[in-house]
Amino acid sequence: MTTAFYTHPDCKLHDMGAGHPESPARLQAIEDQLIASRIDQLLDYRSAPLALESELARVHSAAMIALVRERSLALAGTAGTYPLDPDTAVNAHSWQAALRAAGAALAATDAVIAGEVDNAFCSVRPPGHHATSTTPMGFCLFNNVALAARHALEVHGLERVAIVDFDVHHGNGTEEIFAHDPRVLMVSFFQHPFYPFSGAEASGGKAVNIPLPAYSDGKAVRQLATEQWLPALQAHRPQMIFVSAGFDAHREDDMAQMGLVEADYTWLTRQIMQVAAEHAQGRIVSCLEGGYDLSALGRSVVAHMKVLAELE
């Protein structure tokens with residue numbers, strides 16, 4: 001297997017302020033653990049390009065794109081930040097970082113569909129799955145996975161794709177964007193009730209949401225994924241799978257109260273790989289979402305990457 005690893009130094013320059021959990025240190029923690037695990041040399045490292053505004057516009061409104069661009073660029077030459085909501089801010093580098101994060105997801109989609117690589121992981125920030133078609137929120141500026149999925153459908157002509165979201169928070173933005181698109185199946189689990197306090201009610205879209213109470217462990221997630229996710233994925237027969245890879249359901253992550261460990265992310269990734277092998281020619285693009293305990297994040301990404309690269 002050839003697994004691409006997309007990232008860019010610009011993604012470390014986006015900074016929402018001292019003490020913010022969605023920090024540049026997250027990407028460094030991932031890089032450090034890849035080196036420590038000695039799998040870094042087995043990955044195809046690729047530089048994330050800049051997405052075009054016309055590509056962002058396939059998913060997001062012109063007003064939303066302009067808001068992020070103008071608020072970020074207005075801070076040029078300063079060390080300040082501008083709050084977009086109580087949890088989300090931009091600095092002078094956020095526009096560039098957001099274009100890199102989106103660009104990574106798009107480039108990875110192109111590379112996987114072209115057969116240059118078997119699958120890809122995008123180690124980028126800002127994350128994306130809370131960003132709706134009109135609103136940046138929840139640490140997210142643009143919805144990287146939604147942009148990649150729409151790119152696969154509209155540019156490459158795929159007929160069906162699936163999005164697997166295992167972040168501890170419901171991917172409300174992704175679900176809103178595809179609520180009326182039967183070509184896209186979204187499967188997710190998330191702690192509930194919890195931010196953004198959505199997902200437990202039917203949205204009208206093609207989604208299999210699994211709300212879980214706090215302190216649920218990997219055994220519960222595996223059972224429900226087996227009973228609900230996998231039959232839905234098999235029935236949908238996706239031609240490509242996109243992953244919103246949040247690792248904040250880890251038991252060491254104090255941003256939430258769930259009990260997953262690295263072995264659970266290994267198991268989840270294996271299930272995704274099996275569905276992709278059967279229906280999607282193995283095509284997977286995974287994008288970093290949450291995960292805020294730096295050690296747990298790095299270890300969990302390594303577990304995810306080892307399966308993608310068939311190293312275990």
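## Helix α9 and its surroundings

The buried residues of α9 pack against β1 (3-7), α1 (25-37), β5 (119-122), β9 (241-245), α8 (262-279) and β10 (284-288). The model described here is a predicted one. Eleven of the 15 residues of α9 are buried, so the helix is mostly covered. The buried residues are A296, L297, G298, S300, V301, V302, A303, H304, M305, V307 and L308.

The length of α9 can be checked against what its number of residues leads one to expect. Helix α9 covers residues 294-308, and at 1.5 Å a residue its 15 residues should span 21 Å. Just after α9, E310 has a positive phi of about 55 degrees.

## L288 in strand β10

One of the elements that the buried residues of α9 pack against is β10, and L288 lies in that strand. L288 is buried, with a relative accessible area of 0%. Leaving aside neighbours within four places in sequence, the contacts of L288 include L297, which is one of the buried residues of α9. L288 is also in contact with R26, L27, I30, F121, C122, V124, P127, A245 and F247.

For a sense of distance, take L288 and P231, which are 57 residues apart along the chain. Their C-alpha atoms are separated by 25 Å.

## Cysteines without disulfides

How many disulfides does the structure hold? The number is zero. A disulfide needs two cysteine sulfur atoms within 2.5 Å. The sulfur of C287 is 4.0 Å from the closest cysteine sulfur, in C122, and that is too far for a bond. For C140, the closest cysteine sulfur is in C287, at 12 Å, again too far for a bond.

C140 is buried, with a relative accessible area of 1%. C287 is buried as well, with a relative accessible area of 1%.

## N144 in helix α5

N144 is found in helix α5, which covers residues 144-154. Is N144 buried or exposed? N144 is buried, with a relative accessible area of 2%.

The side chain of N144 reaches the backbone nitrogen of A102 at 3.3 Å. Not counting residues up to four places away in sequence, N144 touches A101, A102, A105, P126, P127 and G128. P127 is also among the contacts of L288.

## S216 in a loop

S216 sits in the loop between β8 (207-212) and α7 (218-236). Although S216 is in a loop, S216 is buried, with a relative accessible area of 8%. The cut-off for buried is under 20%, so the value of 8% for S216 falls within it.

A polar atom of the S216 side chain lies 2.7 Å from the backbone oxygen of P213. Beyond its neighbours within four places in sequence, S216 is in contact with Q257, M258 and G259. The C-alpha atoms of S216 and S94 are separated by 35 Å, and these two residues are 122 residues apart along the chain.

## Cavities

The count comes to two cavities of 30 Å³ or more. The largest cavity holds about 60 Å³ of space.

Which residues line the largest cavity? They are T174, E175, F178, A179, V184, M186, G205, K206 and A207. At least two residues of this lining come from α6 (172-177), and at least two come from β7 (184-191).

Conventions: Residues are numbered from 1 along each chain as its sequence is written. This is a predicted model: local features need pLDDT of at least 70, side-chain atom pairs count only at pLDDT 80 or more; totals for chains, interfaces and linings use all residues. Side-chain values use heavy atoms; hydrogens and water are left out. Helices (H or I, at least four residues) and strands (E, at least two) are DSSP runs, numbered from the N terminus. The expected span of a helix is 1.5 Å times one less than its number of residues. Buried means under 20% relative accessible area, exposed over 50%, partly exposed in between (1.4 Å probe, protein chains only). Contact means heavy atoms within 4.5 Å. A polar contact is a pair of N or O atoms within 3.5 Å; within protein, one must be able to donate a hydrogen and the other to accept it, and residues adjacent in sequence count only if both atoms are side-chain atoms. On a 1 Å grid over the protein atoms alone, a cavity is a set of points where a 1.4 Å probe fits but cannot get out, and a pocket is an open set with protein on both sides within 12 Å along at least five of seven lines; lining residues have an atom within 4 Å of a point. Grid points are joined across faces, edges and corners, and a volume is the space filled by probe spheres set on the points.
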